[in-house]
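Here is a friendly briefing to read alongside the model. Please keep the viewer open and follow along topic by topic.

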Amino acid sequence: MDAFTAGLLQRIRTTESDLSRARDEGDDFLVAVEQGELDDLRRLAAEHGVEVGVSCV
């Protein structure tokens with residue numbers, strides 16, 4: 001796995017964790033921010049052929 005792929009997957013995992021935490025805390029604004037970031041990261045992954053596993057988020 002190259003550095004780009006590893007870094008992208010790590011950012012996705014971190015953002016999924018942050019999104020889950022924001023949901024647990026009931027922070028609707030942060031949920032929206034983290035969901036937007038996650039959507040962007042997943043789009044970037046798809047554009048570069050990086051497979052992203054299914055998450056529980």
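Buried means under 20% relative accessible area, exposed means over 50%, and partly exposed lies in between (1.4 Å probe, protein chains only). Helices (H or I, at least four residues) and strands (E, at least two) are DSSP runs, numbered from the N terminus. This is a predicted model, in which local features need pLDDT of at least 70 and side-chain atom pairs count only at pLDDT 80 or more, while totals for chains, interfaces and linings use all residues. Residues are numbered from 1 along each chain as its sequence is written, and side-chain values use heavy atoms, with hydrogens and water left out.

**Overall picture**

- The secondary structure of the protein amounts to 2 helices and 0 strands.
- Taken along the principal axes, the C-alpha atoms fill a box of roughly 35 × 15 × 15 Å.
- Of the 57 residues in the protein, 25% are buried.
- The protein exposes about 3,900 Å², and carbon and sulfur atoms supply 52% of that area; accessible areas come from the Shrake-Rupley method with a 1.4 Å probe, and for residues only the protein chains shown count as cover.
- Contact means heavy atoms within 4.5 Å. Among contacts between residues at least 6 apart in sequence, 59% join residues at least 24 apart.

**Helix H1**

- H1 has 23 residues and reaches 33 Å from its first C-alpha to its last, close to the 33 Å expected at 1.5 Å a residue; the expected span of a helix is 1.5 Å times one less than its number of residues.
- Its buried residues are Thr5, Leu8, Leu9, Ile12, Thr15, Glu16, Leu19 and Ala22, and what covers them includes H2.
- Asp2 caps the N-terminal end of H1, with a side-chain oxygen 3.2 Å from the backbone nitrogen of Phe4.
- After H1 comes Gly26, whose phi is positive, near 75 degrees.

**Helix H2**

- H2 (residues 28-47) has 20 residues and reaches 29 Å from its first C-alpha to its last, close to the expected 28 Å.
- Buried in H2 are Val31, Glu34, Leu38, Leu41 and Ala45. They lie on the same side of H2 because they cover an arc of only 100 degrees around the axis, where the arc is that of the directions from the helix axis to the C-beta atoms.
- An α-helix has 3.6 residues a turn, so residues three or four places apart point the same way.
- The buried residues of H2 pack against helix H1 (3-25), whereas Asp28, Phe29, Ala32, Ala46 and Glu47 are exposed on the other side of H2.
- Just after H2, Gly49 takes a positive phi of about 70 degrees.

**The nonpolar core**

- A nonpolar core is a set of buried Ala, Val, Leu, Ile, Met, Phe, Trp, Tyr and Cys residues joined through side-chain atoms within 4.5 Å.
- The largest one has 10 residues: Leu8, Leu9, Ile12, Leu19, Ala22, Val31, Leu38, Leu41, Ala45 and Val50. H1 and H2 each supply at least two residues of this core, and its largest share, 5 residues, comes from H1.
- In soluble globular proteins, nonpolar side chains tend to be buried together.
- Leaving aside neighbours within four places in sequence, Ile12 is in contact with Leu38, Leu41, Ala45 and Val52.

**Individual residues of H1**

- Thr15 sits in helix H1 and is buried, with a relative accessible area of 6%. Beyond its neighbours within four places in sequence, Thr15 is in contact with Glu34, Glu37, Leu38 and Leu41.
- Glu16, also placed in H1, is buried with a relative accessible area of 11%. A polar contact of 3.1 Å joins the side chains of Glu16 and Arg42; such a contact is a pair of N or O atoms within 3.5 Å, where within protein one must be able to donate a hydrogen and the other to accept it, and residues adjacent in sequence count only if both atoms are side-chain atoms.
- Thr14 belongs to H1 and is partly exposed, at a relative accessible area of 36%. Thr14 and Glu34 are 20 residues apart in sequence and 10.0 Å apart in space, C-alpha to C-alpha.
- Ala3 is found in H1 and is exposed, with a relative accessible area of 67%. Between Ala3 and Asp40 there are 19 Å in space, C-alpha to C-alpha, and the two are 37 residues apart in sequence.
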